Amino acid sequence: MNKIGKVKEFFIEKLIVICGSLSIIFVILIFIFLAREGLTFFKYESIKDFIFGRNWYPLSNPARFGVLPLILGSVMVTLGAMAISIPLGVACAFYIAEIVNPKMKDILKTGIELLAAIPSVVIGFVGMVTLVPMVKKIFHLPTGLTALSGSIMLAFMAMPTIVSIAEDAITAVPKRYKEAALALGATHWQAIYKVILVAAAPGIFAAIMLGIGRVIGETMAVMMITGNAAVIPHTLLEPVRTLTATIAAEMGEAIRGSNHYYALYAVGIILFIITFVINFIADIFLHRIKK
Amino acid sequence: MNDIIVENLNLWYDKFHALENVSMKINDKKITAIIGPSGCGKSTLLRVFNRMNDLIETVRMEGKIIIDDENILSPETDLVALRKKVGMVFQRPNPFPLSVYKNITFGLEIHGINSEDSFDNIVENSLKSVLLWDDLKDKLKKSALELSLEQQQRLCIARLVAVKPEILLMDEPCSALDPVSTARIEELMIELKKNYSIVIVTHNMQQAARVSDFTAFMYLGELIEYNDTNNIFTRPEKKQTEDYLTGRYG
């Protein structure tokens, strides 16, 4: 190799190393920043009061920073969304992977993946205009901005992830399992739920976890349609406020350096921990499949 | 009587004529080997007997195959009942990714069999019939995928035995196994012949000569010669058969 070639090679190699390490450094910096700002809050308030406090009144005097209603709000909306999107999503994945003809399969798969590309603000807007009035009318509520509305719209957002990854897991099940089941006299349905479902279970589980991760981190749509009342919810038909919506709604008005400001970062830490754990579990299962 | 009577069987994959006018009678409680070069239609013929070719969308069949006085090619055939009666062992061992125990009870569950025998007894007897019981009696909860290939193939046979079939189809059952395992599976086949009619497709002519009572030679979708195994290997009537057996093509 000539000299210019060697120099070129050297610089390109270094450039790639820099790009690679930068992306990792940024993530670490963001994490450090989040931890520093969030943990500052606990200099002034106890962790116990924060996590188990039942009131979130950041602007009253004295201010109350109990995050429990927000956690329960997030949990309730997420559970609702899962109750809708898991059965529909997994059934849809089986339909696409096992039942539909190849031509239709391509159309459906592309369609589902397109669904993932809809910006969440658009989903929130559509929900606000169509779903919210419908929920209000059906359940005779004073307002349609409820956890239920949020759950339904979020289910739409989790579905593409669940369907797409679960479908890959089902398609990856070796054909010989299905052949063996059919040759023993199993019907197509028996082969699906007794063999293919079992073999694809880790992948389907990972798909569900990634779907949950998407739902719990979602902000815009839930802010628009869940009503944003920071009270402990008792049913799906009440307004709730999620962790994400709280940060997005209050960050603008919190004075930098105030307790309120640090409290929002502490909420961010909680969110980070939740999504980290969920993605971590999903990852474990995805790796299990690769083996 | 569990003879299989094949009458003027023709089969097409789309436009490709894969089986041409095949007629034969496969005898009860005997081992019948189907041999021939790759692509001659031997696996296709085997897969007609339990209608596994139905999984391929472009397949079209004409003619008759009679098992237990019923034409299994008729559209009214109950495929579930047919496949319970005519079990199949595949080229690559394909146990389910379940425990050894569940692999055997799978067939019982899907057919809703409530015999007086408990599942435990059926599992034990099925494993005994394939000589796996002593090796596996303490490992019934273990995943079947952790077994050796030979054990997996035996388990696949045990899984069939549990639903009490009449005919066993074997599609090159030893091609994934080493010579020692192959010899042991062959012994097992001869043992199983007492209770079942066995049809085996094989690439391996020595295997056909060793285990089978009757041998069918196929070439390009046609049944060239079908006779007593001894006659086929010592006094083949057709020149094509002789050329294949002496290794001139294939």
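This note sets out numbered points on the structure shown above.

1. Basis of the model. The model is predicted, so that local features need pLDDT of at least 70 and side-chain atom pairs count only at pLDDT 80 or more, while totals for chains, interfaces and linings use all residues. Residues are numbered from 1 along each chain as its sequence is written, and chains are lettered from A and ligands numbered from 1 in the order in which they are written.

2. Confidence in chain A. The average pLDDT (the predictor's confidence in each residue, from 0 to 100) of chain A is 90, and 99% of the residues score at least 70. Within chain A, helix α3 (residues 68-99) has the highest confidence, with a mean of 93, and helix α2 (residues 47-52) the lowest, at 86. Helices (H or I, at least four residues) and strands (E, at least two) are DSSP runs, numbered from the N terminus.

3. Overall form of chain B. Chain B contains 10 helices and 10 strands. Its radius of gyration is 18 Å, close to the 18 Å that the globule rule gives for 250 residues, so chain B is as compact as a globular protein of that length. The radius is taken over C-alpha atoms, and the rule is 2.2 Å times the number of residues to the power 0.38. The C-alpha trace of chain B spans about 55 × 45 × 30 Å along its principal axes.

4. Strands β1 (residues 4-13) and β2 (residues 16-26) of chain B run antiparallel and are joined by 7 bridges; two strands pair if DSSP finds at least two bridges between them. L11(B) stands opposite L19(B) in β2(B). The hairpin has 2 residues between the strands, and D14(B) takes a positive phi near 55°.

5. The side of chain B that touches chain A. In contact (C-beta atoms, placed from the backbone, within 7 Å) are 19 residues of chain B and 14 residues of chain A. On chain B, two or more residues come from each of α2 (79-85), β6 (86-89) and α3 (100-110).

6. Helix α7 of chain A. The buried residues of helix α7 (residues 175-183) of chain A include Y177(A), K178(A) and L182(A). A residue is buried if 20 or more other C-beta atoms, placed from the backbone, lie within 10 Å of its own, exposed if 12 or fewer, and partly exposed in between. The buried residues of α7(A) pack against α8 (188-217) of chain A together with α2 and β6 of chain B.

7. M223(A). Helix α9 (residues 220-225) of chain A holds M223(A). M223(A) counts as buried because it has 22 C-beta neighbours inside 10 Å.

Note on methods:
Two residues are in contact if their C-beta atoms, placed from the backbone, lie within 7 Å.
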